[in-house]
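Reader: Please guide me through this structure, one topic at a time.

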Amino acid sequence: MALRLINTQTRRKEEFTSLEPGHVRMYTCGPTIYDFAHIGNYRAYTFEDLLRRYLKYRGYKVTQVMNLTDIDDKIIRGVNKKGITLKEYTNPYKQAFFEDLDALGIERAEHYPAATDHINEMVAIVQALVKKGHAYEADGSYYFKISSFPKYGSLSHMKLEDLKAGARIAADEYEKDTVSDFALWKAWDEADGPVYWDTPLGKGRPGWHIECSAMSMKYLGETFDIHTGGVDNMFPHHENEIAQSECATGRTFSRYWLHCEHLIVEGQKMSKSLGNFFTLRDLTAKGYSPVAVRYLLLATHYRQQLNFTMDGLDGAKAAVERLIDFKRNLQAVEGGSDNADFPAIVQKAYDGFGECLDDDLNISGALGEVFNFVKETNKLMSAKTLSKADAAKAVEALEKFDTVLGVLPKKEAGIDADIQALIDERIAARKEKNFARSDAIRDQLQAMGIILEDTPKGTTWKRQL
RNA sequence: GGCCGGUUAGCCAAGUGGUAAGGCAGAGGUCUGCAAAACCUCUAUACUCCGGUUCGAAUCCGGAACCGGCCUCCA
């Protein structure tokens, strides 16, 4: 069966087809690089990574764009406070972001355009909108005229007249024709200090929404396949993107919209005041492995709110370990004749894995299939009825699944010579029944994060996750 | 006020009409110098509540409670 995705636009599960056969173009709303990203942000990026990896698993070529928002009110405030340039302010957070992506095993997108590198493209869109009567200038700023786009609200299913005009309408927005019109370009203001661009639109800076329109269309074309983001971006951000993009080009902007639910921590909204606000660095500092965090973020369906708990993190770690151990045990299988039941077990795993993920990326179901495969194969292994060739096929399947899951170590890390020397010494000590010495070595290695496994076949080791 | 999700065992979490996947935790076992690790086996009268439709409902419809989200720059 084909891949089906729930499109926010229609609220229906739709069969996915790409505009260009075999090639998916997707745009993913990225971070504002004014601080370290938190695990809620990474939930969204992990979901996008799952989508990307599964599209590739299904044989698509993927061109993904993730923007880096490096201009907004908070960044301007930070720049002026510290008296440094905008790039000087944002670069450390940009670097930290990529470090976190690597730690979490999130594949790199093809493009990471920064907003401030695309001012000209944004200006061009604003000019096109003005020319077509969809935008107007007021006191040096430019606004999108929502009343000129009847389709406005079709993504979030919100009606303008239902919106509560409330406290969040800033007092300085009086010059807009109607309060719901949003800024495409903001005129320079003294508080902006040195942060501005001189453009045909005047001296100022871009609004927030326009960057995504400009950069997605530049790298993916006027119409592309998938646009993703967190649910909070559905309105107004994505709604505004659609309005400005479609009015500028006269074409459909994104064909599918996917929105990721938020995560909560221990059943509560993540907030600094509750003390349950975590960056990836906060968790690794507590000794948690990034791959455990990845698994936890990945394992819940993306349209479901994810309850992030420390117990859950321990459970995620144990689940990943089970997969890693499964692979190690398979690789140690020797000889034997092929098991007649095994081909059906592998086939069932492949089929189940694909069927679940085809169904709007049902990752929990897919993981269930993987663990059933692990259990059934382990059963054959412990009965010593699995052949070396069977085991190789099982490893192949597991590695194939892991192209989507991304939780297995890329390659076994080497072992230091002195660690090997300790292991050898312990083996010798055990032969001489010098258990005091062998236990001391065992403790020493454990303190170094090396777990020993004394099996009937001898002593092996693994790194603690 | 408008709109949108959710509520499944000790915890996490699939399942959208046919009688409840999977992971963690827990118990037992194999192995072991003892452990650990790994693996196997087992376990739980778990579908928020109240009505309705149906031969049959976690699943569909109506209502309630609770939790959470969006309503102009927050993934």
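Author: Let us begin with a definition: angles under 35 degrees count as roughly parallel, over 145 as roughly antiparallel, 65 to 115 as roughly perpendicular and the rest as oblique. Helices (H or I, at least four residues) and strands (E, at least two) are DSSP runs, numbered from the N terminus.
The model is predicted, so local features need pLDDT of at least 70 and side-chain atom pairs pLDDT 80 or more, while totals for chains, interfaces and linings use all residues. Residues are numbered from 1 along each chain as its sequence is written, chains are lettered from A and ligands numbered from 1 in the order in which they are written, and side-chain values use heavy atoms, leaving out hydrogens and water.

Reader: At what angle do helix 4 and helix 5 pack?

Author: The angle between helix 4 (residues 119-131) and helix 5 (residues 209-220) is about 105 degrees, and their axes are 9 Å apart. Helix 4 and helix 5 are therefore roughly perpendicular to each other. Axes here are lines fitted to C-alpha atoms, for helices over the stretch in contact, and angles run from 0 to 180 degrees between N-to-C directions.

Reader: Which residues make the contact?

Author: Helix 4 contributes E121, M122, I125 and V126, and helix 5 contributes I210, E211, S213, A214, M217 and K218; contact means heavy atoms within 4.5 Å. By class, the contact of helix 4 with helix 5 has six nonpolar, one polar and three charged residues. Ala, Val, Leu, Ile, Met, Phe, Trp, Tyr, Cys and Pro count as nonpolar, Asp, Glu, Lys and Arg as charged, and the others, Gly among them, as polar.

Reader: And how do helix 13 and helix 14 lie, roughly parallel or antiparallel?

Author: The axes of helix 13 (residues 417-431) and helix 14 cross at roughly 155 degrees and come within 8 Å. The two, helix 13 and helix 14, are therefore roughly antiparallel to each other. Residues of helix 13 including I419, L422 and I423 meet residues of helix 14, among them F435, I441 and L445. The contact of helix 13 with helix 14 divides into seven nonpolar, two polar and five charged residues.

Reader: Changing topic: which residues come nearest to RNA strand B?

Author: Of the 59 residues around RNA strand B, the nearest are S180, K186, G230, N233 and E453. A residue is near a strand if one of its heavy atoms lies within 4 Å of it. By class, the surface near RNA strand B has 16 nonpolar, 24 polar and 19 charged residues.

Reader: Which helix gives the largest share of that surface near RNA strand B?

Author: Helix 11 does, with nine residues. Among the other elements that each supply at least two residues are helix 1 (39-57), strand 7 (182-187) and helix 14 (435-447).

Reader: Which parts of RNA strand B lie within 4 Å of the protein?

Author: Of its atoms within 4 Å of the protein, 63% belong to sugar or phosphate and the rest to bases. A backbone N or O atom of G230 lies 2.3 Å from a sugar or linking oxygen of RNA strand B. The side chain of N307 has an N or O atom 3.2 Å from a phosphate oxygen of RNA strand B. S438 has a polar side-chain atom 3.2 Å from a base oxygen of RNA strand B.

Reader: One last point: which peptide bond is cis?

Author: The peptide bond from F235 to P236 is cis, with omega near 0 degrees, and P236 lies in helix 6. Most peptide bonds are trans.

Terms used:
Polar contact = N/O pair within 3.5 Å; in protein donor to acceptor, adjacent residues only side chain to side chain.
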